[in-house]
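Here is a briefing on a multi-chain model. Please look over the sequence and the structure first.

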Amino acid sequence: MANPVTPNMYLSSRFKFVTGGALAVLLIPVFYSLWYVLAQANNAEGFIGNLSRIDAPENANGEFLESFLFTVLLAVISSTVALMAALISSALLVEHSIKNKFKKGVDGTWFEVLVSIPHAVWAAAIFLWLSQSGVLSRISFQLGLVENPADFPTLVRDNNGLGLFIHYLSKEYPFMLLVLTVVLWARYRYLSPVAASLGAGLIYRTRYLAWPILKPAALGVWLVSFSFILHSYEAPALLGSVKPRVLSVLVFELFKDPTIEKRATAALIGVLLLVVTAFASLVGLFLIWKSTRKVADV
Amino acid sequence: MLKSFFKVTAGLCAATFLLVACGADETQTEAASFDPQDWDSVLQSADGQTLNWYIWGGSDSINDFIDTTYGPALEEFGIELNRVPIEDTADAVTKVINETEAGKDDGSVDIIWINGENFATLDKQGLLFDEWARSLPNSSLVDFENPVITKDFGRDIGEKESPWSSTQFQMIYDTDRLEETELPRSYKDFQQYACDNPGRVTYIAPGPGAFQGTRFVKGSLYELADDSSVFGEFDQSVWDEWSPKLWESWNEVEQCLWQEGNNYPQTEAELHQLFANNEVDFSITQAIAGAGPLIEDGSIPETSKAFVFDNWMIADSNYLAIPVNAENKASAMVLANIILEPEFQAVQITPESGFGLGYVIDLSKVKDEAQLTLLQEASSGLGEAAVDPRDLVASSAPDSASEYQDLLEQGWRSQVLG
Amino acid sequence: MFKVDIKTVPNLLAKISLFATICVFIVQSISKRWFWPQLWPNNFEFEETLSNFGDAIPLLWTTFIVAALVSLIGIILSAPLAWLIYNIGQKYRIVLILLVLFPALIPPVVSGVGYSIWFIKIDFDGNIAAVVAAHLLISLPYMLGIALSILFRQDRELFEASAGLGWSGDQIFFRIALPLMRAGLYLAAFVGFTISWGQYLLTVLVGNGQVVTLPMVVVSLATSADQTRFAALVLITMLVPALVTVLYHKVLNKTGEYEFANT
């Protein structure tokens with residue numbers, strides 16, 4: 001995609017000034033915010049001091065590492081399972097559409113509706129369905145499968161994050177499916193029949209044609225999903241258990257306390273969370289960039 | 001083309017600005033300086049103010065009670081009530097701290113329903129308006145010699161807090177499911193009941209904002225030590241002696257609890273839901289009217305009733321406090337005075353009011369016959385779901401020094417939970 | 001035997017789960033004391049229904065205004081930003097993209113606190129504009145991404161031809177690029193609206209208690225006593241974005257989904 005036009009040729013300085021200026025104004029709170037959080041994290045006993053005291057009883061009370069691992073694992077596992085499901089589904093759906101010569105591809109309206117539903121509300125719905133006193137449990141009672149709520153399995157507000165996993169899976173899967181299907185439909189629908197007529201089987205086509213096309217998009221949605229779950233607060237507030245707490249919940253609880261030490265700890269954990277996200281994003285963006293180049297080379 | 005772009009953008013900025021102007025606080029007449037000791041100047045200054053009352057919004061019945069009882073009363077003084085519901089009183093505390101830190105002297109918080117550690121936090125940082133609570137006309141009805149009133153979690157309230165109501169920790173059971181004779185009457189009984197009926201009891205996880213859980217565990221601490229006064233002043237050696245035994249006693253029964261102690265309800269409302277859905281056999285309340293208010297608002301079955309253990313049910317008072325940077329201090333003082341009116345104190349204890357917490361005025365100081373009758377009638381009309389006031393008095397225990405709150409919450413999380 | 005079209009299965013599953021959930025919440029919003037194990041409620045309660053929904057209207061209005069402003073201002077910012085990034089040299093491109101992306105990388109629990117302190121400092125706290133700004137910062141990356149993707153799909157020759165005819169850069173942007181980007185901008189607006197509608201933490205922190213949106217009340221009522229009112233609010237919070245999505249498809253995307261992806 002060589003660009004014969006010189007950069008900036010279509011940009012008047014007025015345009016650059018106004019647009020850049022608007023962005024700058026909007027970003028002022030962001031920079032202040034960063035400075036404030038870093039300053040807070042350095043409060044009390046300074047960065048290193050706070051870091052070494054992060055698990056003190058009056059701070060994270062020994063829960064930091066557990067919280068950290070729990071949150072990261074939850075984000076990684078949920079995103080990965082959702083992605084795999086979405087990859088397989090999108091490939092199958094698009095192949096099916098091609099085979100049956102659907103002109104418009106897959107209509108994703110209802111999946112978009114699912115995606116547009118706020119997480120707080122969706123979490124409430126999941127709790128309603130799956131809790132031990134929820135709808136499924138009541139149906140089980142009517143069917144004679146359980147005698148009291150405790151007989152119904154603990155699916156939400158459990159220590160392993162199962163409820164949260166179900167929540168994120170059911171929200172991220174439609175989102176990923178939508179994006180991947182769009183990408184595949186745009187770029188794959190002409191390639192596939194051609195390859196098929198040349199004798200390429202479904203598996204071959206999927207592996208060597210669909211996958212390279214999907215890879216950057218797949219990495220992108222995984223990254224979006226991972227960051228989102230890492231930062232998420234609403235769903236864990238409704239579906240999480242007393243312990244382990246997700247990092248955002250831990251940070252929020254600590255921030256609410258007016259004592260300096262707790263706020264410093266909260267800021268510190270927040271900074272760590274930011275660093276992890278930034279790192280994951282950089283790695284992810286690099287991988288996406290690399291995979292885009294590979295397709296061009298082919 | 002660019003001109004129209006600019007026009008649109010300018011228009012949008014104007015629109016946003018208008019929205020901001022409309023959405024922002026109503027411009028107030030500058031808070032006229034008033035003398036807290038001169039009640040007339042207080043009333044004069046309060047007229048026309050909007051009072052921003054920051055108050056825990058987790059109970060709809062309490063919210064309704066406030067709107068219908070104090071709202072109209074304040075209007076008679078020309079004060080408009082803006083009840084700001086908050087998840088946790090600590091949120092209001094944080095806000096006052098943030099705003100003072102940022103140098104804001106027309107603070108958004110005018111008055112807070114507060115006690116305990118939240119009071120301690122603001123007091124320690126010198127953020128509370130002082131020398132007003134005993135200048136209220138109705139403060140003459142309060143017995144300021146009574147330590148239950150003058151000590152908030154062991155801390156002297158001075159003239160910074162004005163009392164509102166009293167509470168006492170109680171348990172709730174469902175008369176449909178249990179007989180009165182089967183009820184546990186001590187924390188030890190409770191633990192025994194748990195192991196006889198595995199998975200059928202739990203308690204609220206002690207933690208910031210979940211003081212009911214802390215209070216329950218604290219009661220069991222008193223029972224272990226067979227003494228509450230030893231916790232009145234903070235003493236590290238006392239804590240070191242008793243806390244291991246406390247953790248041991250709750251760790252022993254962990255397996256018998258709901259979900260084998262892997263999870264606990266985090267709020268009182270969650271516990272009520274578990275109780276109502278027949279997942280556990282007991283819930284708790286702090287209302288003097290017992291289970292009445294909760295039955296009224298539909299959170300628990302109509303057959304519920306409150307009961308107490310034989311001892312160590314913690315009772316305390318709660319208050320109103322005014323931040324030092326509050327914008328509308330005069331109307332805040334008027335509210336605190338209204339709240340101490342005998343008629344309102346009489347109404348607030350009944351289950352029908354939706355509030356159901358006890359009164360804080362001293363009946364012997366009420367001179368008016370009619371008001372006295374009101375109060376006495378209210379006391380005897382607490383309803384079926386309440387505990388006999390004599391049993392309440394017999395089982396009551398004071399709260400401890402405020403330092404134990406954090407220690408207990410942190411200790412529980414690290415030693416008992418998980 | 002009727003043929004089950006595989007393509008419609010996902011759609012069908014989505015529709016069923018939505019419909020069932022809505023039904024359950026409707027039942028909860030008109031009943032009281034719907035305790036376990038009642039499948040059909042024992043006590044219906046209609047008196048409060050009207051007031052529950054009526055009380056929700058100011059909340060609905062606030063949430064809607066914020067979301068609408070976010071989507072509107074978002075596309076007004078995204079379109080020129082996309083054009084800027086499209087035309088500017090490689091060196092600055094990365095910088096600009098990172099600048100827009102960065103706010104979305106900060107955890108809301110952290111950025112919310114920071115923004116709220118900033119707004120308190122400039123005495124601009126607790127109003128709708130502050131909340132809109134906070135929501136914008138987190139939605140802009142997505143909106144810009146969509147705008148960029150549609151811009152990059154366009155044929156450069158169109159721009160070059162117009163330049164050859166003597167049009168200025170600004171003219172090319174307003175008269176050619178923008179109309180071409182229209183479908184993408186609609187999608188971006190829709191995405192911005194949806195993201196803002198669902199925000200909780202940012203509104204709680206930046207709104208400072210004075211801007212109250214539906215998700216805020218939903219979360220605080222989730223474990224409260226009044227499950228009836230909770231259900232009513234959940235319904236509204238759920239149905240409005242659903243409606244907006246369906247409307248978006250019927251009005252702004254009539255030709256079929258993602259038509260811009262077909263180029």
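Residues are numbered from 1 along each chain as its sequence is written, while chains are lettered from A and ligands numbered from 1 in the order in which they are written.

- Where pLDDT is low, predicted coordinates should not be read in detail.

**Chain A with chain C**
- Chain A brings 72 residues to this contact, and chain C brings 67 residues.
- Helix α1 (residues 13-41) of chain A gives the most to chain A's side, with 14 residues. Helices (H or I, at least four residues) and strands (E, at least two) are DSSP runs, numbered from the N terminus.
- Chain A's side holds 47 nonpolar, 19 polar and 6 charged residues. Ala, Val, Leu, Ile, Met, Phe, Trp, Tyr, Cys and Pro count as nonpolar, Asp, Glu, Lys and Arg as charged, and the others, Gly among them, as polar.

**Chain C with chain B**
- Here 24 residues of chain C meet 31 residues of chain B.
- On chain C's side, α2 (47-87), α4 (108-121), α5 (128-152) and α7 (169-197) each supply at least two residues. α7(C) gives the most, with 4 residues.
- Chain C's side divides into 11 nonpolar, 7 polar and 6 charged residues.

**Helix pair in chain A**
- Helix α3 (residues 64-99) and helix α9 (residues 202-231) of chain A pack at about 145 degrees, with axes 9 Å apart. Axes are lines fitted to C-alpha atoms, for helices over the stretch in contact, and angles run from 0 to 180 degrees between N-to-C directions.
- Residues in this contact include A:Leu83 and A:Leu87 in α3(A), and A:Leu214 and A:Trp222 in α9(A).
- The contact of α3(A) with α9(A) comprises 17 nonpolar, 5 polar and 1 charged residues.

**Domains of chain C**
- Chain C is divided into domain 1 (1-45) and domain 2 (58-262), with bounds from an automatic or database domain assignment.
- The C-alpha centres of these domains of chain C lie 31 Å apart.
- Their contact takes 8 residues from domain 1 and 6 residues from domain 2 of chain C.

Key:
Predicted model: local features only at pLDDT ≥ 70, side-chain atom pairs only at ≥ 80, totals over all residues. Contact = placed C-beta atoms within 7 Å.
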